[in-house]
Amino acid sequence: MIRTTWGSAAVSVISAFVLALLAGCAPSKTRALLDQGRYLEVLSTVRAGGALARRQRAEALLGLGRNQEARRELRLALAVDAAAPRCLLLLADAEERLGELGASLRALQQVQEQKAPLGAAGKRRLARLLLARAALRLDGKRSIGGVAE
C-alpha cells in the first residue's frame, strides 16, 4: 500500500486549480492566453468570481489598456484577499497608468511590508516612483499623491 502525504503546498495548488476551474478556465490555459496577448479570450472565458479570476481579468484588461476597469477588478480581488502580492503589483501598475502615482506607491509599499518579492518589474516601478517622489521634494512638495516622505 502506497501512502501519499499532502503538504500544504500541494493542497494550495489543488485549491487554486479547483477555483480556476470554477471560474471557468484552467490556470495554465489562462496563463497561456495572457502570455500570448489573447486578452479578449481571457475576458470571455474567465467569469468574475474569486480573487484569482478577478486578477486574471485585470491582467487582460491591463493588456487591453482598460486601466480603470482593471483597477476595479483588482480592488475587488483585494477585498477578498487583501494580502495578494500579485494583485497589489498589478494594482500599482494600473494606478501608475492612470497617473495615480501616490496610490501606485502605496500598493508597492504594501507588497514590501508583506516581505513578498517584487520581481524585476516591481523593483523598477518602485525605483521610478521613488525617483519621482524625490524630484517632487526638490520642487518643494512634501508628498506624491498623498504619500508623504
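Me: In which helix is Y39 found?

Reply: In this predicted model, Y39 belongs to helix α3, which covers residues 39–45.

Me: Is Y39 buried, partly exposed or exposed?

Reply: One reads this from the relative accessible area: a residue is buried under 20%, exposed over 50%, and partly exposed in between. Y39 has a relative accessible area of 23%, so Y39 is partly exposed.

Me: Which residues is Y39 in contact with, leaving aside its neighbours within four places in sequence?

Reply: With those neighbours set aside, Y39 is in contact with L34, E59, A60, G63 and L64. Consider L64 in particular: it lies 25 residues from Y39 along the chain, yet 6.8 Å separates the C-alpha atoms of the two.

Me: How should I view the chain as a whole? How many helices and strands are there?

Reply: The chain contains 8 helices and 2 strands. Read from the N terminus, the order of the elements is α-α-α-α-α-α-α-α-β-β. Of the 149 residues in the chain, 38% are buried. The chain exposes about 8,800 Å², and carbon and sulfur atoms supply 56% of that area.

Me: What describes two packed helices?

Reply: Two values are used, namely the angle between the axes of the helices and the distance between those axes. Let us take α4 (residues 51–63) and α5 (residues 67–80): their axes come within 8 Å and cross at roughly 165°. An angle over 145 degrees counts as roughly antiparallel, and α4 and α5 are therefore roughly antiparallel to each other. Their crossing is left-handed.

Me: Which residues make the contact between α4 and α5?

Reply: From α4 come A51, R54, R55, R57, A58, L61 and L62, while α5 contributes N67, E69, A70, E73, L74, L76, A77 and V80. Sorted by class, this contact has 9 nonpolar, 1 polar and 5 charged residues.

Me: At what angle do α4 and α6 pack?

Reply: Helix α6 spans residues 85–97, and it packs with α4 at an angle of about 30°, the axes being 11 Å apart. Angles under 35 degrees count as roughly parallel, and α4 and α6 are therefore roughly parallel to each other. The crossing of α4 and α6 is left-handed. In the contact, R55, E59 and L62 of α4 meet R86, C87, L90, D93, A94 and R97 of α6. By class, the residues of this contact are 4 nonpolar, no polar and 5 charged.

Me: How far apart are the axes of α6 and α7?

Reply: The axes of α6 and α7 (residues 101–113) are 7 Å apart, and the packing angle is about 165°. This angle makes α6 roughly antiparallel to α7. Here α6 passes α7 in a left-handed crossing.

Me: Which residues meet in that contact, and how do they divide by class?

Reply: On the α6 side are P85, L88, L89, L91, A92, E95 and E96; on the α7 side are L101, A103, S104, A107, L108, Q110 and V111. The contact of α6 with α7 divides into 10 nonpolar, 2 polar and 2 charged residues.

Technical notes:
Residues numbered from 1 in each chain as written. Predicted model: local features only at pLDDT ≥ 70, side-chain atom pairs only at ≥ 80, totals over all residues. Heavy atoms only, no water. Axes fitted to C-alpha atoms, helices over the stretch in contact; angles between N-to-C directions. Helix = DSSP H or I, 4+ residues; strand = E, 2+ residues; numbered from the N terminus. Parallel < 35°, antiparallel > 145°, perpendicular 65-115°, else oblique. Left-handed = near helix turned anticlockwise from the far one by under 90°. Contact = heavy atoms within 4.5 Å. Nonpolar A, V, L, I, M, F, W, Y, C, P; charged D, E, K, R; others polar. Buried < 20%, exposed > 50% of the residue type's maximum accessible area, 1.4 Å probe, protein only. Areas by Shrake-Rupley, 256 points an atom, 1.4 Å probe, with all protein chains shown as cover.
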